[in-house]
Amino acid sequence: MYFEIGDTYHIYNQGNNKRPIFFEDENYQFFIKKMEHHIKPYGDFICYCLMPNHFHWLFKVHRLECQLKTFSPMSKTPEKKVLLNDSIAIALRSYSRAINKRFDWSGSLFRGETKAKSGFIEEFITVDSKDWNKLDYIHNCFHYIHNNPLPMLANRPEEYKYSSARAYAGLSDKIICNLDLGRLLWEDYVTSLGD
């Protein structure tokens with residue numbers, strides 16, 4: 001994955017062979033903790049959705065590397081730098097090890113490559129035109145991510161328990177997203193429509 005400071009990315013992956021990656025409520029909660037510990041130091045989650053066999057994050061990058069002491073205060077090499085790509089891989093491997101241990105499994109839980117897109121996404125979003133500007137892209141990803149559970153797992157985005165839509169609706173006390181940034185991007189998008 002290639003990241004640039006200041007850009008917003010749709011980051012996603014799914015279960016190996018499209019198999020489930022979340023099985024119990026505790027799995028979702030543990031994965032959110034991994035997001036918060038390993039990914040949040042690099043920027044801001046704008047929104048996310050954890051589906052039974054895949055996940056989506058909309059993430060604004062503020063830094064490409066952090067010192068190891070950010071994640072492991074007792075490290076013998078606290079000044080060592082950890083790249084965002086590496087932290088994503090560490091979070092997914094750590095989660096996979098926990099699931100494999102929990103269910104006495106082995107092998108890869110996720111597909112080999114996590115994707116990060118800052119533009120048009122052919123695999124996930126279908127639109128008539130690829131001529132989006134950045135705000136169009138962010139707006140469409142934001143809605144796509146929050147509407148992902150519909151209609152199979154929820155009737156409205158805020159009803160789905162493992163999505164940031166609940167935080168935006170004021171229904172969650174566990175907030176890992178920068179709601180102010182998400183609302184600001186939304187306002188910028190609406191303003192751009194009037195131009």
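How many bridges join strand S1 to S6, and in which direction do the two strands run relative to each other? In this predicted model, strand S1, which spans residues 8-14, is joined to S6 by three bridges, and the two strands run antiparallel. Within this pairing, Ile11 stands opposite Ala116 in S6.

The pair belongs to an open sheet of four strands, whose order is S2-S3-S1-S6 and whose pairing is antiparallel. Strand S2 (43-51) and strand S6 (115-117) form the edges of this sheet, each of them pairing on one side only. With direction ignored, neighbouring strands are turned by 20° against each other on average.

Two helices can be followed from here. Helix H1 packs on the sheet, where it touches S2 and strand S3 (54-61), and its direction makes about 160° with that of S2. Helix H2, for its part, lies across S1 and S3, running at about 155° to S3.

The helices also pack on each other: H1 (residues 25-39) and H2 (residues 84-103) meet at an angle of about 155°, with their axes 9 Å apart. Because angles over 145 degrees count as roughly antiparallel, H1 and H2 are therefore described as roughly antiparallel to each other. The crossing in which H1 passes H2 is right-handed. On the H1 side, the contact is made by Asn27, Phe30, Phe31, Lys34, His38 and Ile39, while the residues contributed by H2 include Leu84, Ile88, Leu92, Tyr95, Ile99 and Phe103. Sorted by class, the contact of H1 with H2 comprises twelve nonpolar, four polar and one charged residues.

Leaving aside its neighbours within four places in sequence, Thr8 is in contact with Ile46, Leu58, Phe59, Lys60, Lys117, Ser118 and Ile138.

Pro52, by contrast, lies in the loop between S2 and S3, and with a relative accessible area of 29% this residue is partly exposed. Not counting residues up to four places away in sequence, Pro52 touches Pro20, Ile21, Phe22, Tyr28, Leu153 and Tyr160. The C-alpha atoms of Pro52 and Lys18 are separated by 9.8 Å, although these two residues are 34 residues apart along the chain.

Key
Residues numbered from 1 in each chain as written. Predicted model: local features only at pLDDT ≥ 70, side-chain atom pairs only at ≥ 80, totals over all residues. Heavy atoms only, no water. Axes fitted to C-alpha atoms, helices over the stretch in contact; angles between N-to-C directions. Parallel < 35°, antiparallel > 145°, perpendicular 65-115°, else oblique. Left-handed = near helix turned anticlockwise from the far one by under 90°. Contact = heavy atoms within 4.5 Å. Nonpolar A, V, L, I, M, F, W, Y, C, P; charged D, E, K, R; others polar. Pairing = 2+ DSSP bridges. Buried < 20%, exposed > 50% of the residue type's maximum accessible area, 1.4 Å probe, protein only.
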